Amino acid sequence: MSKPYTGGCACGAIRYEISGEPMVSNDCQCRDCQRKSGTGHGSYLTFPSRERVQLKGEATHWDIVGDSGNVKTRAFCPICGSPVYLVFAAMPELFTVHAASLDDPGRYKPQLVTYSVRGHAWDHLDPALPKFDRMPPA
């Protein structure tokens, strides 16, 4: 069994530990992720079950309708403002963390790019990654 994924916000007020491996790691180029990151994409690890997540601290939550038309909830630290995780109304069992929130960001290995239709020429992602105009089929 692999070691848990751990991480949190910049100031340490929010911490998580997740056992098991992510089901997918992706770079997302949707407009929401661009605005949230202040750059061309967001990078995420999505885990298949919230039951394997230990979460400490109180995040501030913000709901937004994504490019898919579904509501996603962004969680960030009310003290330092760091984005930490996301949850999705349409898939409530999933738990997604921002790659940069990991204690060891080197564990992030992107597998694909989502919403590449929204990508910008200046946002250079690994050209070997499979790209999907929207979300890939399940």
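This is a predicted model: local features need pLDDT of at least 70, side-chain atom pairs count only at pLDDT 80 or more; totals for chains, interfaces and linings use all residues.
Residues are numbered from 1 along each chain as its sequence is written, and side-chain values use heavy atoms, with hydrogens and water left out.

Helices (H or I, at least four residues) and strands (E, at least two) are DSSP runs, numbered from the N terminus. The order from the N terminus is β-β-β-α-β-β-β-β-β-β-β. The radius of gyration is 14 Å, close to the 14 Å that the globule rule gives for 138 residues, so the protein is as compact as a globular protein of that length. This radius is taken over C-alpha atoms, and the rule is 2.2 Å times the number of residues to the power 0.38. Along the principal axes, the C-alpha atoms fill a box of roughly 35 × 35 × 30 Å.

Of the 138 residues, 43% are buried. Buried means under 20% relative accessible area, exposed over 50%, and partly exposed in between (1.4 Å probe, protein chains only). Among contacts (heavy atoms within 4.5 Å) with a separation of 6 or more, 55% join residues 24 or more positions apart.

Three salt bridges are found in the whole structure. A salt bridge is a side-chain nitrogen of Lys or Arg within 4 Å of a carboxyl oxygen of Asp or Glu. One joins Asp103 and Arg15 at 2.7 Å, N to O. This pair links distant parts of the chain, 88 residues apart: Asp103 is in the loop between strand S9 (91-98) and strand S10 (112-114), and Arg15 is in strand S2 (residues 15-18). Both ends are partly exposed, Asp103 at 44% relative accessible area and Arg15 at 30%.

Asp32, Lys72 and Arg74 form a network of salt bridges. Lys72 meets Asp32 at 2.9 Å, N to O. Lys72 lies in strand S7 (residues 71-76) and Asp32 in helix H1 (residues 31-37), so the bridge ties together parts 40 residues apart in sequence. Asp32 also meets Arg74 at 2.7 Å, N to O. Arg74 lies in strand S7, so this pair ties together parts 42 residues apart in sequence. Lys72 is buried. Asp32 is buried at 8% relative accessible area, and Arg74 is buried at 5%.
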